[in-house]
Amino acid sequence: MWVQTICKITAQIGRVFVVLEETSFMRIFVTGAAGFIGSALVQELMQAGHRVLGLTRSEAGAEALRAAGADVLHGNIEDLDSLRDGAAGTDGVIHLAFNHDFSRFQKNCDDDRKAIEAIGEVLLGSNRPFLVTSGTAIAANLDGQPSTEDGPTASWNPRAASEAAVKELTARGVNISVVRLAQIHDTRKQGLVPYVHAVAREKRVSAYIGDGGNRWPAAHVSDTARLYRRAFEKAEPGAIYHAVDEEGVTMKSIAEALGRGLNVPVVGIKPEEAEAHFGWLTHFAVHDMPASSALTQQKLNWKPTGPGLIADLDGMDYTQA
């Protein structure tokens, strides 16, 4: 960790004097640094004065990171040695990388658990902060109420293995905390929504299941990057944060926005028809997953200000495949 001293000039009762203020800046290892959220986070961290070592598997990702002013480490989440190397040479870790091929979700969650454990082993005994990524879908909502950061988890979600690894490392003294992601969006990407978009484009109908009242929480990517930075700087062991602005956007409203953009009919389909229409996405598309960020906003003094999910869907360029 390195420290920069900032001089401030303050006027009080006609006198001018200098206040010395120490601010801690760190060199942070970020996995998934060239990705959708990662690229926004790199900018957020560097604008705050931190340095970044970004993990990337591609030369295109490396070029983007260098252009942003970050250092580059080639590797991926299945290359555990690259993760260990990045963690060993930095002041803390933000783990964002995840394989988003959701047709093999169970394997991806297993790989994520192994990555968390490998990084955690390096950080044992150091008190260096380690911020891990999960999803709000892991949090159970009871009686239709939005899930909370301190509530129970949903047993159906394989990503529970990642949070189980976090609990084990916390018990061993690792300074580890979690950010759970909602549908993180701008006008280019929106969490799981692009998969719904792809189905609607292919089948020329934008569908929702049942009455479409099931809900997905959402937050803008710029707000999410700011949350990650604040959570990392706070470094509260065992803390769980929800990257949520809108607690629940209905699947019907998402389908309607996609229908407007693609100029295709919007229809409700029966639950028994969902598998044939959505395939692997059915397991997510049918779930009601509202989530709250009230505790997160209070702990981190974090107030989302970005546009909503439907506004970003309405602002998309639907001429692109």
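Reader: What should I know about the model before we start?
Author: It is predicted: local features need pLDDT of at least 70 and side-chain atom pairs count only at pLDDT 80 or more, while totals for chains, interfaces and linings use all residues. Residues are numbered from 1 along each chain as its sequence is written, and side-chain values use heavy atoms, with hydrogens and water left out.

Reader: At what angle do the axes of helix 6 and helix 8 cross?
Author: The axes of helix 6 (residues 193–203) and helix 8 (residues 251–262) cross at roughly 50° and come within 10 Å. Helices are DSSP runs of H or I with at least four residues, and strands are E runs of at least two, numbered from the N terminus. Axes are lines fitted to C-alpha atoms, for helices over the stretch in contact, with angles from 0 to 180 degrees between N-to-C directions.

Reader: Which residues make that contact?
Author: Helix 6 contributes Val193, Val196, His197, Ala200 and Arg201, and helix 8 contributes Met251, Ile254, Leu258 and Leu262; contact means heavy atoms within 4.5 Å.

Reader: Now Trp280: where does it lie?
Author: Trp280 is in the loop between helix 9 (274–278) and helix 10 (282–285).

Reader: What does Trp280 touch?
Author: Not counting residues up to four places away in sequence, Trp280 touches Phe102, Ser103 and Tyr195. The C-alpha atoms of Trp280 and Phe102 are separated by 7.6 Å, although the two are 178 residues apart along the chain.

Reader: And strand 10, which strand does it join?
Author: Four bridges join strand 10 to strand 14 (residues 266–269), and the two run parallel. Ser206 has Val266 of strand 14 as its bridge partner.

Key
Pairing = 2+ DSSP bridges.
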